[in-house]
Amino acid sequence: MKTFTDNTGRTWTLSVTVGTIKRVRALCGVDLANIISIEAGKAPNVGLLDRLASDPVLLVDVLYAVCKPEADAQNVSDEDFGRAMAGDAIEHATTALLDEVIDFFPQAKRKVFNKILGASRRFEAKSKEALTALLDAPEFDAKIDQALEQLTASSTAVPESQE
């Protein structure tokens, strides 16, 4: 079982079982059993991963559905849960959820899914590094300064009134 901590300091335990998958389907319309689907001769389908990565509201709804028994025991509503999820808490919860979902599968499938998820995480890390390098480059700041100077110059060159 994996855990994460929300922004209020509450620690949540993720446990993915058949019951969890049924609950998430019923509450969110999301099938965690198809987080990655593989068809012979085709590239793995990571559509659900993409959906969860690009829709933080859906992601937090899924997390709440996974944690619902624990949330009910603590009298934490979905609204309270959602209010406590932002920034790094979402990132840590996502990592824990994906790892827990993959651990749900039998060893052979788990091995394949771990390779796919590992490749995805490496790609994400390299993308972050490249973006950081771009943003930290002095040329980037110079281009921003140049664009601001052009905007300032064009806004001060207002035509004289006809009066």
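Angles under 35 degrees count as roughly parallel, over 145 as roughly antiparallel, 65 to 115 as roughly perpendicular, and the rest as oblique. Before I use that, two remarks on the source. This is a predicted model, where local features need pLDDT of at least 70 and side-chain atom pairs count only at pLDDT 80 or more, while totals for chains, interfaces and linings use all residues. Residues are numbered from 1 along each chain as its sequence is written, and side-chain values use heavy atoms, with hydrogens and water left out.

Helices are DSSP runs of H or I with at least four residues, numbered from the N terminus. Axes are lines fitted to C-alpha atoms over the stretch in contact, and angles run from 0 to 180 degrees between N-to-C directions.

First packing. The axes of α3 and helix α5 (residues 88–104) cross at roughly 55° and come within 11 Å. α3 and α5 are therefore oblique to each other. The crossing of α3 past α5 is left-handed, meaning that the near helix is turned anticlockwise from the far one by less than a right angle; clockwise would be right-handed. Contact means heavy atoms within 4.5 Å. On the α3 side it is made by Pro 56, Leu 59, Val 60, Val 62, Leu 63 and Val 66, and on the α5 side by Ile 90, Ala 93, Thr 94 and Leu 97. By class, the contact of α3 with α5 has nine nonpolar residues, one polar and no charged ones. Here Ala, Val, Leu, Ile, Met, Phe, Trp, Tyr, Cys and Pro count as nonpolar, Asp, Glu, Lys and Arg as charged, and the others, Gly among them, as polar.

Second packing. Helix α1 (residues 18–28) packs on helix α3 (residues 56–73) at an angle of about 135°, with the axes 9 Å apart. These two are therefore also oblique to each other. α1 passes α3 in a right-handed crossing. Among the residues in contact are Arg 23 and Cys 28 of α1 and Asp 61 and Lys 68 of α3. The classes here are eight nonpolar, one polar and three charged.

Now the cysteines. How many disulfides are there? Taking a disulfide as a pair of cysteine sulfur atoms within 2.5 Å, the count is zero. The sulfur of Cys 28 is 11 Å from the closest cysteine sulfur, in Cys 67, which is too far for a bond. Buried means under 20% relative accessible area, exposed over 50%, and partly exposed in between, with a 1.4 Å probe and protein chains only. Cys 28 counts as buried at 19%, and Cys 67 at 1%.

Last, the loop between α3 and α4 (78–83) holds Asn 75. Phi of Asn 75 is near 55°, a positive value in a residue other than glycine. Asn 75 is exposed, at 68%.
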